[in-house]
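Biologist: I'd like to learn how to read ring pairs and charge pairs in a model. Could you walk me through them?

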Amino acid sequence: QMPSFKITTLDGAKISIDELKGKVVFVNFWATWCPPCLVEMPRLEKEVWQKYKSPDFVMVAIAREQTEAEIRDFRQEYKFSFPMAADTERAVYNLFGNGGIPRSYVVGTDGKIAYQSVGYNAREFDQMKKVIDKEMSKVQKGKAGQ
């Protein structure tokens, strides 16, 4: 089961994991100073956010131990459009243990973790996209059956 948390994005949207059942959710933990995060983020923008953004898909990239000002500047500099949030005190991150970053979670419509990874690896990233495809197809099938 995905740990329960609430966070507010840079754009002011409030995300409550408990209220997202029925949607596919992608959560990524990162930091501006993390080299593997910087490799992964353009792929997150193009291959995850731009591909899947829809009413059935929610994404948030949570910056560990960083302020809103730091990540706002970073987001503008790199022209990322996906939702970002600051976790200055590691309050959300600590719910997931204390391993490394980047750290990604794909959550199915049932609220359970369908995929998780720590670190960045191109093959793992491709595997993660297959899991997102599979979870999104479940949403589409569910809608078709209504």
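Biologist: How many aromatic pairs does the count come to?

Modeller: A pair of aromatic rings is described by the distance of the centres and the angle of the planes. Rings of Phe, Tyr and Trp (its six-membered ring) pair if their centres lie within 6.5 Å; planes under 30 degrees apart are stacked, over 60 edge-to-face, and the rest tilted. By this rule, you get twelve aromatic pairs. Take phenylalanine 29 and phenylalanine 96: the ring centres are 5.0 Å apart and the planes sit at 55°, so this pair is tilted.

Modeller: One caution: this is a predicted model, where local features need pLDDT of at least 70 and side-chain atom pairs count only at pLDDT 80 or more, while totals for chains, interfaces and linings use all residues. Residues are numbered from 1 along each chain as its sequence is written, and side-chain values use heavy atoms, with hydrogens and water left out.

Biologist: Where do phenylalanine 29 and phenylalanine 96 lie?

Modeller: Helices (H or I, at least four residues) and strands (E, at least two) are DSSP runs, numbered from the N terminus. Phenylalanine 29 is in strand 3 (residues 24-30) and phenylalanine 96 is in the loop between strand 5 (84-87) and strand 6 (103-107), so the pair ties together parts 67 residues apart in sequence.

Biologist: Is phenylalanine 29 buried or exposed?

Modeller: Buried means under 20% relative accessible area, exposed over 50%, and partly exposed in between (1.4 Å probe, protein chains only). Phenylalanine 29 comes out at 0%, so it counts as buried. Phenylalanine 96 is buried too, at 10%.

Biologist: On to charges, then. How many salt bridges does a search of the whole structure find?

Modeller: Side chains of opposite charge can pair when their charged atoms come close. The cut-off for a salt bridge is a side-chain nitrogen of Lys or Arg within 4 Å of a carboxyl oxygen of Asp or Glu. The search finds ten. For instance, arginine 43 and glutamate 47 meet at 2.9 Å, N to O. They are four residues apart in helix 1 (residues 35-52), about one helical turn.

Biologist: What else does arginine 43 form a salt bridge with?

Modeller: Aspartate 126, with the closest N and O atoms 2.7 Å apart. Arginine 43 lies in helix 1 and aspartate 126 in helix 3 (residues 122-144), so this pair ties together parts 83 residues apart in sequence. Aspartate 126 also meets lysine 129, at 3.9 Å. Together, Arg43, Glu47, Asp126 and Lys129 are linked in a network of salt bridges.
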